[in-house]
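Student: Please take a close look at one part of this model with me, and then connect it to its surroundings. I would like the cut-offs spelled out as you go.

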Amino acid sequence: IERTHDRMPVILRDEDAEEAWLDVAGTPVTDLEPFFIPLEASEMDAYAVGKRVGSPANDDPGLLTPVA
């Protein structure tokens with residue numbers, strides 16, 4: 001992921017992880033540590049997407065459509 005961003009993002013693998021990660025008031029930081037395990041490169045796929053993905057005003061499945 002280094003060629004996309006200089007920091008490793010947290011990859012949330014299920015709904016429970018999403019809920020805990022987004023519960024900034026109720027989840028102690030120590031409970032989030034299990035999410036800080038890198039995902040193996042073989043489990044990821046990367047492709048270019050359109051510039052619309054950079055705006056929080058856009059929220060639709062078309063954001064995931066690959067571009068040349």
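Predicted model: local features only at pLDDT ≥ 70, side-chain atom pairs only at ≥ 80, totals over all residues.

Tutor: Let's start with the nonpolar patch on the surface, which is formed by V10, W21, L22 and F36.

Residues are numbered from 1 along each chain as its sequence is written, and side-chain values use heavy atoms, with hydrogens and water left out.

L22 sits in helix 1 (helices are DSSP runs of H or I with at least four residues, strands are E runs of at least two, and both are numbered from the N terminus). L22 counts as exposed because its relative accessibility is 66% (buried is under 20%, exposed over 50%, and partly exposed in between, with a 1.4 Å probe and protein chains only). W21 has a relative accessible area of 31%, so this residue is partly exposed. F36 is also partly exposed, at 45%.

Two of these members also meet through their rings. The aromatic pair count comes to one (rings of Phe, Tyr and Trp, the last by its six-membered ring, pair if their centres lie within 6.5 Å; planes under 30 degrees apart are stacked, over 60 edge-to-face, and the rest tilted). In that pair, the ring centres of W21 and F36 are 6.2 Å apart and the planes stand at 90°, so the arrangement is edge-to-face. Because W21 belongs to helix 1 and F36 to the segment after helix 2 (29–32), the pair ties together parts that are 15 residues apart in sequence.

D14, E15, D16, E18, E19 and D23 form a negative surface patch (Asp and Glu count as negative, Lys and Arg as positive, and His and the chain ends are not counted; a charge is placed at CG of Asp, CD of Glu, NZ of Lys or CZ of Arg). E18 is partly exposed because its relative accessibility is 38%.

Charges also meet in a salt bridge, and the count here is one (a side-chain nitrogen of Lys or Arg within 4 Å of a carboxyl oxygen of Asp or Glu). The side chains of R52 and D60 form it, with 2.5 Å from N to O. R52 is partly exposed at 41% relative accessibility, and D60 is partly exposed at 30%.

The segment after helix 2, where F36 lies, also contains M44 and T65. M44 is partly exposed, with a relative accessible area of 30%, and its C-alpha is 9.0 Å from that of I1, 43 residues away along the chain. T65 is partly exposed at 45%; T65 and Y47 are 18 residues apart in sequence and 9.1 Å apart, C-alpha to C-alpha.

Methods: Patch = residues over 30% accessible without salt bridge, like charges linked within 9 Å, V, L, I, M, F, W, Y side chains within 5 Å. Areas by Shrake-Rupley, 256 points an atom, 1.4 Å probe, with all protein chains shown as cover.
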